[in-house]
Amino acid sequence: MGDESTEVLDVAAEHEVVPEPAGDEGVARRRIPRRAWVAIAAIGALVIGGGVTGGVAWANKVAHDEAVAEARAARLVTVDAVRAQQGAVATLASSVTDGIAARDAVASQVLAHQDLLGGAEALASLTAAHAELGSVLADVVGVDEPGSGSVVPDAVPMELPDAVDPTAETELLRALALALGEDADAAEASRVELLARAARVDTASAALDARLGETAASIAAVHEALLASHALASEETRAAAATAVAALDGADAAELPGLLAAYASSASAVIAAHDAEAARVAAEQAAAAEAARRARGGSRGGGGSTGGGGGSVTGASEQRGVLSETNANRSANGLGGLSWNGTLASRSCSFAAELASRNGDLYHSSFGGGFSTWGENVAYGYGSASAVVAGWMNSSGHRANILNGAFTMMGACSSTSSTGRVYWVQQFGG
């Protein structure tokens, strides 16, 4: 019994047997030992601590993922803005390049030939537009006379941002998103400013193009005046100039400087041909006059006249007058104008000198060949080209020659006799 009692006491001490209240069946309940409570508490602490730590890690991950997404979204916006800014840089560069090319073309191909294209007064608006474009280019490029290949020094394309590093720290990613936003704003501001400068250049270039168009439209009248004042030019040079005028019709603005230069060149050829023909006619006239003088026995002999008589031959202005008056009458009667022919003019001068040297009645020369059809008008006693053509128009036979549709060219000349009588000769060919 003693041993059992001792054992029971030990168990009671270990398990702390608590007597049941009266009325039950005397069954004893055991409480959880203190050591078990300690173990439970420790396990609970571990569980709770692990849950807190896991919660913090989860929250950090969420914040990090949001920072990555924010940075990536900001980068996409910045990429679009930078690409737009790069496009604006290219647009400005193109505008400047085209503007410089237009400025140089107008200067070298148009304004340099203004005397052949209507004169300085006629080209005043074009000159002003050219100066304005030059001023705008100088301001945009920052150089007084920007040349071919010039670049706008502060028009630099921005660089695209690097890809977002998702392993970067959260705070760094947030800072990156803010920086990218600032870069996007800067790119947009640059784009707007660059395009505004390009628009200035484009506006000035468009104004120059418009003035070029006006100049091209005026060339027909310029050409008409040129032909009227240079009637002795060859048909070949006149036709080439007419072709150059026709090429201007409907041409693009970029083509106009070159086409205007081509017309200036052809106009110069008309003037040169006219001057050469006038010089040749003058030489032939002088030779004819000298021949007539010699035929009469010299400038000091017989006849009792001073100066020896016939041989004073009209100049080119009176010859042009006959052509102009003749063409005016043909036009009034629905016919095309005649062109000046050097051979017919030379023969007219020779025969006019002959008539003046004889200083007598009129007669006709013989056909010299070289034309499929030929005709001749002669007269004397008229003091000007307009007067003699009017006289011919009042004579049926002479009028028929002037209005003959088969004739396409003519030459004319006059010579004054020793008594002051003016002999006129007009020859036609076709």
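I began at phenylalanine 428, which is buried with a relative accessible area of 0%. My cut-offs for that: buried is under 20% relative accessible area, exposed is over 50%, and partly exposed is in between (1.4 Å probe, protein chains only).

A note on what I am looking at. This is a predicted model, where local features need pLDDT of at least 70 and side-chain atom pairs count only at pLDDT 80 or more, while totals for chains, interfaces and linings use all residues. Residues are numbered from 1 along each chain as its sequence is written, and side-chain values use heavy atoms, with hydrogens and water left out.

**Aromatic pairs**

I looked up the ring pairs and found 4 in the structure. Phenylalanine 351 and tyrosine 363 make an edge-to-face pair, 5.3 Å centre to centre with 80° between the planes. I counted rings of Phe, Tyr and Trp (its six-membered ring) as paired if their centres lie within 6.5 Å; planes under 30 degrees apart are stacked, over 60 edge-to-face, and the rest tilted.

Where do phenylalanine 351 and tyrosine 363 sit in the chain? Phenylalanine 351 is in helix H8, and tyrosine 363 is in the loop between H8 and strand S3 (374-380), 12 residues apart. Phenylalanine 351 is buried at 4% relative accessibility, whereas tyrosine 363 is partly exposed at 29%.

Then I went back to phenylalanine 428 and its partner. The ring centres of phenylalanine 407 and phenylalanine 428 are 5.1 Å apart and the planes are at 10°, so this pair is stacked. Phenylalanine 407 lies in the loop between helix H10 (396-402) and S4, and phenylalanine 428 in strand S5 (residues 422-429), 21 residues apart. Phenylalanine 407 is also on the buried side, at 3%.

**Disulfide**

I searched the whole structure and got 1 disulfide, taking a pair of cysteine sulfur atoms within 2.5 Å as the test. The partners are cysteine 349 and cysteine 413, with sulfurs 2.2 Å apart. The link joins distant parts of the chain: cysteine 349 is in helix H8 (residues 342-358) and cysteine 413 in strand S4 (residues 409-416), 64 residues apart. I noted 90° about the S-S bond, which is right-handed. Both cysteine 349 and cysteine 413 are buried.

**Salt bridges**

How many salt bridges does the structure hold? I have 10 on my list, using a side-chain nitrogen of Lys or Arg within 4 Å of a carboxyl oxygen of Asp or Glu.

- Aspartate 65 bridges to lysine 61, with the closest N and O atoms 3.0 Å apart. Both lie in helix H2 (residues 34-109), 4 residues apart, about one turn. Aspartate 65 is partly exposed at 37%, and lysine 61 is exposed at 52%.
- Glutamate 171 meets arginine 174 at 2.8 Å, N to O. These two are 3 residues apart in helix H4 (residues 170-229), again about one turn. Glutamate 171 is exposed at 52%; arginine 174 is partly exposed at 34%.
- Arginine 211 bridges to glutamate 214 at 3.0 Å between the closest N and O atoms. They are 3 residues apart in helix H4, about one helical turn. Arginine 211 is partly exposed at 23%, as is glutamate 214 at 41%.
- Arg103, Asp104 and Glu145 are linked in a network of salt bridges.

**Cores**

I took a nonpolar core as a set of buried Ala, Val, Leu, Ile, Met, Phe, Trp, Tyr and Cys residues joined through side-chain atoms within 4.5 Å. The largest one has 41 residues, and those with the most contacts inside it are Leu92, Val96, Val110, Leu117, Leu126 and Tyr263. The elements giving two or more residues to this core are H2, helix H3 (124-141), H4, helix H5 (235-248) and helix H6 (256-295). H4 gives the most, with 10 residues.

I also checked the contacts of tyrosine 263 (heavy atoms within 4.5 Å). Leaving aside neighbours within four places in sequence, they include Leu117, Ile219, Val222 and Ala241. Apart from this core lies another, of 21 residues, among them Val322, Leu323, Ala379 and Trp424.

**Whole protein**

I ended with the overall figures. The protein has 10 helices and 5 strands, which are DSSP runs numbered from the N terminus (helices H or I, at least four residues; strands E, at least two). Buried residues make up 36% of the 430.
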